[in-house]
Amino acid sequence: MANKELYAVVTFHTTTGAMHMEKVAKESGAAGRLIPVPRVISAGCGLSWREPIDNKEWIVKLIEENEIDMDEVYELEL
């Protein structure tokens, strides 16, 4: 079994919010990517953004500055 790492996982109310996040994050040079929502949580649209935990504060600020429609931010081992 592979070693699990800690990530910031952002969930979204809508697919539109997830797609907006992907666009903004990629333009800003984020290290993360869109993934299916992990089974341990549930979210409205089924997509989430996974970002290395070291970037959590930066990614939350990016979300706020760009008014991205997000649901929650979790810290999960994936």
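**View 1. Glutamate 51 is buried without a salt bridge.** Here, buried means under 20% relative accessible area with a 1.4 Å probe and protein chains only, and a salt bridge puts a side-chain nitrogen of Lys or Arg within 4 Å of a carboxyl oxygen of Asp or Glu. The nearest side chain of opposite charge belongs to lysine 26, 7.8 Å away; Lys and Arg count as positive, Asp and Glu as negative, and His and the chain ends are not counted. This is a predicted model, where local features need pLDDT of at least 70 and side-chain atom pairs count only at pLDDT 80 or more, while totals for chains, interfaces and linings use all residues. Residues are numbered from 1 along each chain as its sequence is written, and side-chain values use heavy atoms, leaving out hydrogens and water.

**View 2. Here's what surrounds glutamate 51.** Setting aside neighbours within four places in sequence, its contacts (heavy atoms within 4.5 Å) include Tyr7, Ala30, Trp58 and Ile59. A polar atom of the glutamate 51 side chain sits 2.9 Å from the backbone nitrogen of glycine 32.

**View 3. Thirteen residues make up the largest nonpolar core.** Such a core is a set of buried Ala, Val, Leu, Ile, Met, Phe, Trp, Tyr and Cys residues joined through side-chain atoms within 4.5 Å. Phe12, Met21, Ala25, Trp49, Ile59 and Ile68 touch the most other members.

**View 4. Now zoom in on isoleucine 68.** Beyond its neighbours within four places in sequence, isoleucine 68 is in contact with Phe12, Gly17, His20, Met21, Val24, Leu62 and Ile63. There's also a second, separate core of five residues, among them Tyr7, Val9, Ile41 and Leu76.

Definitions and conventions: Buried < 20%, exposed > 50% of the residue type's maximum accessible area, 1.4 Å probe, protein only. Polar contact = N/O pair within 3.5 Å; in protein donor to acceptor, adjacent residues only side chain to side chain.
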